[in-house]
Amino acid sequence: MQIPIYQIDAFTSKQFSGNPAAVCPLEAWLPDEIMQAIATENNLSETAYFVRVGERYNLRWMTPVSEVDLCGHATLASAFVLFERYRPATDSIAFDTKSGELIVKKEGDLLSLDFPSRPPADCALDPLLVQALGKEPELVLASRDYLVVYPSEQDVRALQPDMNLLRGLDRAVIVTAPGGESDFVSRFFAPTKGVNEDPVTGSAHCTLIPYWSKRLGKTELHAFQVSARGGELWCEDRGERVTISGKATWYLEGKIFVEM
């Protein structure tokens with residue numbers, strides 16, 4: 001069996017930056033173990049698979065070790081492939097996912113993701129979290145992931161977490177601070193999902209956007225994820241939903257040969 005594969009750099013307009021995602025269009029779902037094996041072989045933070053159903057698409061995402069319930073950069077990458085290769089005449093794609101309906105719209109050179117808002121709330125402070133990060137934060141909240149707030153962008157950039165300790169936590173970790181040239185910056189660590197540091201994490205912004213919107217008193221926000229590769233996002237808080245916008249660019253197009 002031959003399966004198309006595309007690799008897209010998401011949340012960037014330049015190759016070799018942003019977050020690389022693999023995208024595999026399928027005519028029908030493969031067995032889960034095959035899809036997971038492909039994601040493991042790709043060894044990217046996410047491999048996305050979609051199947052067309054009428055005018056919509058069922059979409060799933062897998063890390064090198066497991067399936068996840070929501071992924072921003074691989075959704076953006078999937079929409080980019082559809083707009084560029086399969087649906088050039090349309091400017092809106094509807095995905096059905098484990099997190100419900102996700103709409104991606106083409107708006108000039110930006111692709112805008114309509115995602116659920118996941119505001120953070122108070123939580124108990126796990127001493128292992130601070131030990132793993134190596135620096136005391138201002139504040140720790142949680143939604144799907146921990147949200148750890150520091151005073152400055154430099155604090156976030158300088159962190160060198162102990163990944164072995166982070167594997168002992170029950171959630172992934174977002175770290176964030178006010179940005180020097182943006183409203184806020186962030187990094188994202190998910191070693192329990194096989195991703196020590198994710199270069200640019202759309203789903204983390206489902207929590208970052210409502211937090212910073214409330215803190216800064218504004219609904220439109222500009223963000224950088226300050227990983228080694230880096231990524232840029234334009235965001236909007238719309239109450240129960242958020243808009244996460246970014247650019248994407250081609251890296252690779254080919255075929256996977258699977259023996260079944």
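The lining of the largest pocket splits into 7 nonpolar, 8 polar and 9 charged residues. Here nonpolar means Ala, Val, Leu, Ile, Met, Phe, Trp, Tyr, Cys or Pro; charged means Asp, Glu, Lys or Arg; the others, Gly among them, are polar.

A word on the source. This is a predicted model, where local features need pLDDT of at least 70, side-chain atom pairs need 80 or more, and totals for chains, interfaces and linings use all residues. Residues count from 1 along each chain as its sequence is written, and side-chain values use heavy atoms, without hydrogens and water.

Back to that pocket. A pocket is an open set of points on a 1 Å grid over the protein atoms alone, where a 1.4 Å probe fits, with protein on both sides within 12 Å along at least five of seven lines; lining residues have an atom within 4 Å of a point. The largest one holds about 320 Å³, the space filled by probe spheres set on points joined across faces, edges and corners. It has 24 lining residues, and Val68, Arg144, Phe188, Ala190 and Lys193 are the closest to its centre.

Next, the second largest pocket. Its space is about 270 Å³. Of its 20 lining residues, Phe224, Arg229, Gly230, Gly231 and Glu232 are the closest to the centre. β16 gives the most to this lining, 3 residues.

Now the whole chain. It has 6 helices and 18 strands, which are DSSP runs numbered from the N terminus: H or I with at least four residues for helices, E with at least two for strands. Of 260 residues, 57% are buried, meaning under 20% relative accessible area with a 1.4 Å probe, protein chains only.

Terms used: Buried < 20%, exposed > 50% of the residue type's maximum accessible area, 1.4 Å probe, protein only.
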